[in-house]
Amino acid sequence: MTLIHPFQSVVLNAAEDLLFAIVKNEVVVFRRSEGSEGYTLAGRWVDELAKDPPRATSEEASDSKKSKGNDGTPNASKGKGQPSVEIVPTNLLRAMTLSPDESKLLVCADSDKSVCVLQIDLDKKELNLIKRQAFPKRPNAIAALEDGSQIVVADKFGDAYQIPMVEETKGKAGKELQPLIGHVSMLTDVLFGKDDQGKKYLITSDRDEHIRVTHYPQTFIIDKWLFGHREFVSSIHIPSWSSQLLFSAGGDDTIFLWDWMKGFKLSTFEYKDLIKPYLTDAHLAASRFQNENNDLIEFAVAQITTCRKFPYAAFFVEATKALIILHVDQTNAALSLKQVIDLRYNVISLSQVSDGFLITQDNHESGNKEFVSLVRYIESKDTFELDNQFGETLDEAINKSLSEDSTVNVQPADIAQLYGVANLKKHGEQYS
Amino acid sequence: RAHSNPFSDHQLEYPVSPDEMDWSRLYPEFHDPTTGKMKSQVTIADIGCGFGGLMVDLSPEFPDQLILGMEIRVQVTNYVEDKIIALRNNHAQQKGYQNINVLRGNAMKFLPNFFYKGQLSKMFFCFPDPHFKQRKHKARIITNTLLSEYAYVLREGGVVYTITDVKDLHDWMVKHLEEHPLFQRLSSEWESKDKCVKIMTHATEEGKKVERKKGDKYVACFERLPNPVIE
């Protein structure tokens, strides 16, 4: 039995009529037909360099992570200079983002540790690869400069490089092309910020609890750190309605809201009790880190974002069936619970739309349904609701256009590893 | 052991931020119990302080300033701790060596957790691990990207001191410091007059070892320049 691979992530353009999705190692675009609610496939691109890892090996790899004792053996074969964790050992595409003018789509490819720039030409139903830049270490996150001229790429080794979006990059990354900034820790997210005077900053988060604010383009001048996290930071986000605010989340039980320009923590929101009913055996810590009672749970926020139009933020905890929506009181910068949206399957990605949130679900047990869900704010009722019609029409388009696509049709056992964020947690001494 | 991997997850203790660092534990004589505050801040850091010889010699030269050694190797840190306790006991009457102490830490990762922007006036990098292999160059203590962090914790006019017996590493450190817009090399005349250069060249255990072997010692010192106008 084959099924269409779950969608790892989706992005909607500003006009909200184009939906870009990463499915395994393929990018697909769906266009909403004018005057109707239906969607049609408007372009696709396959990363031909990606190869399916042999099934047995990938399973062994994930098993060994869980089962081996804390005697150093899992790390013994690794190069000593390498960080000791992998997020997800796969050949997937990740970290998709639209260029500011929405003419290009940027994706990171695990296959050759590259950033791919795809020119969007939907009249010809095409996504054309116009640039592919490989890096020495796997890129984890991308941010595009406002004017669209440059891309900043943050890698798992802690370095962030800058390359032109379109023109050829001068020099080989890691050789002639030197990093713009570097942490001595895996970078998990990167974004640009702009202060009241119009000065630009590069904001980066890492596995060592750090969020760093660096001047741009003078990236040799560090402005500040935002201190407060006690665990890794997996996701940072600046809302479109308030440029001095920054949300951050990761391995802590807490969501942080900052004034990143002033360097203050404005508010926090503890979600531990809220998420408990949603935790399962999947959240038990790996055996080598487990306690005597075998009940140590580990969970982490994979992503946080906001609505484009309304002061609401949403986040999800990895491998749970809940989307948690917070209200952001802009006068006193306080966070409060707005709503928890229960879902049928685990959330695997989250992105923003004008009046709500788009999520993708780990729908491999659904019979090719509920790939993408839209959670919309209904102003008249002051509540968020699942837009079932959106999901159903999109499911229809997905089934119609992808059921013959051999790239994205897989055996259930070949579904890529979709959960890797909790692996970023540090467990103390590995070798001293 | 001689090496430690700066990228691995050590069981390190470090404050969430400089605000939360309790320095009174390390420098009790400089803690004012009436105000609950420290009378001095750490202004001199010896990164990778090894057996602590440099701090011991710097201590009487800067009696009002706090000097911190950071060392990643546990046993070496314990040794230095014991050495400082003994020195303090032996000089209890004149309250000697109260201004130096050591922390086990990874300066490449957590320096900004300990120090505020512009807090330090001197940073020493004495006989750092050369990490000869090309692919391990990121593990070197002086890199373009780390220099920005050192510039952040150093005040304007603060000084980075480097010394090594490995010519390649010396060239590497000089190259990277010279390339960095916030550092400027100090002249050999300046070096010849600076008492810290003298101490650094002769005080450290590594320095003495090199002397015994009649090896070369390469010194380079750099001043922290003011930030340029922000674009």
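## Report on chains A and B

The buried residues of helix α4(B) are T145(B), L146(B), L147(B), S148(B), E149(B), Y150(B), A151(B), Y152(B) and V153(B). They make up nine of the 10 residues of this helix, which spans residues 144–153 of chain B, so α4(B) is largely enclosed by the rest of the structure. The model described here is a predicted one.

Helix α2 of chain B covers residues 74–90 and contains V80(B). With a relative accessible area of 1%, V80(B) is buried, because burial is assigned under 20%. Setting aside the neighbours within four places in sequence, the contacts of V80(B) are with G50(B), F51(B), G52(B), M55(B) and V102(B).

Strand β5 of chain B runs over residues 100–104 and includes R104(B). The relative accessibility of R104(B) is 17%, and this arginine therefore counts as buried, the limit being under 20%. Its side chain reaches the backbone oxygen of I72(B) at 2.9 Å.

**Chain A: overall architecture**

Chain A contains four helices and 30 strands. Its radius of gyration is 21 Å, close to the 22 Å given by the globule rule for 432 residues, so chain A is as compact as a globular protein of that length. Taken along the principal axes, the box filled by its C-alpha atoms is roughly 60 × 55 × 50 Å.

Of the 432 residues in chain A, 58% count as buried. Among contacts in this chain with a separation of 6 or more, 50% join residues 24 or more positions apart. The accessible surface of chain A is about 17,700 Å², and carbon and sulfur atoms contribute 46% of it. As to charge, chain A carries 47 positive and 62 negative side chains, the centres of the two sets lying 4 Å apart.

Strand β11 of chain A, residues 150–155, includes D155(A). This aspartate is buried, with a relative accessible area of 2%. The side chain of D155(A) reaches the backbone nitrogen of G158(A) at 2.9 Å. Not counting residues up to four places away in sequence, D155(A) touches K137(A), R138(A), P139(A), N140(A), Y161(A), M186(A) and L187(A).

V328(A) is located in strand β24, which comprises residues 322–329 of chain A. The relative accessible area of V328(A) is 1%, and the residue is buried. Residues up to four places away in sequence again left out, V328(A) touches W241(A), L245(A), F247(A), L257(A), P311(A), A313(A), A334(A) and L335(A). A42(A) stands 286 residues from V328(A) in sequence, and the C-alpha to C-alpha distance in space is 36 Å.

**Accessibility of the residues discussed**

The table lists the relative accessible areas for reference.

| Residue | Relative accessible area |
|---|---|
| R104(B) | 17%, buried |
| V80(B) | 1%, buried |
| D155(A) | 2%, buried |
| V328(A) | 1%, buried |

Technical notes. Residues are numbered from 1 along each chain as its sequence is written. Chains are lettered from A and ligands numbered from 1 in the order in which they are written. This is a predicted model: local features need pLDDT of at least 70, side-chain atom pairs count only at pLDDT 80 or more; totals for chains, interfaces and linings use all residues. Side-chain values use heavy atoms; hydrogens and water are left out. Helices (H or I, at least four residues) and strands (E, at least two) are DSSP runs, numbered from the N terminus. Buried means under 20% relative accessible area, exposed over 50%, partly exposed in between (1.4 Å probe, protein chains only). A polar contact is a pair of N or O atoms within 3.5 Å; within protein, one must be able to donate a hydrogen and the other to accept it, and residues adjacent in sequence count only if both atoms are side-chain atoms. The radius of gyration is taken over C-alpha atoms; the globule rule is 2.2 Å times the number of residues to the power 0.38. Contact means heavy atoms within 4.5 Å. Accessible areas come from the Shrake-Rupley method with a 1.4 Å probe; for residues, only the protein chains shown count as cover. Lys and Arg count as positive and Asp and Glu as negative; His and the chain ends are not counted. The place of a charge is taken as NZ of Lys, CZ of Arg, CG of Asp or CD of Glu.
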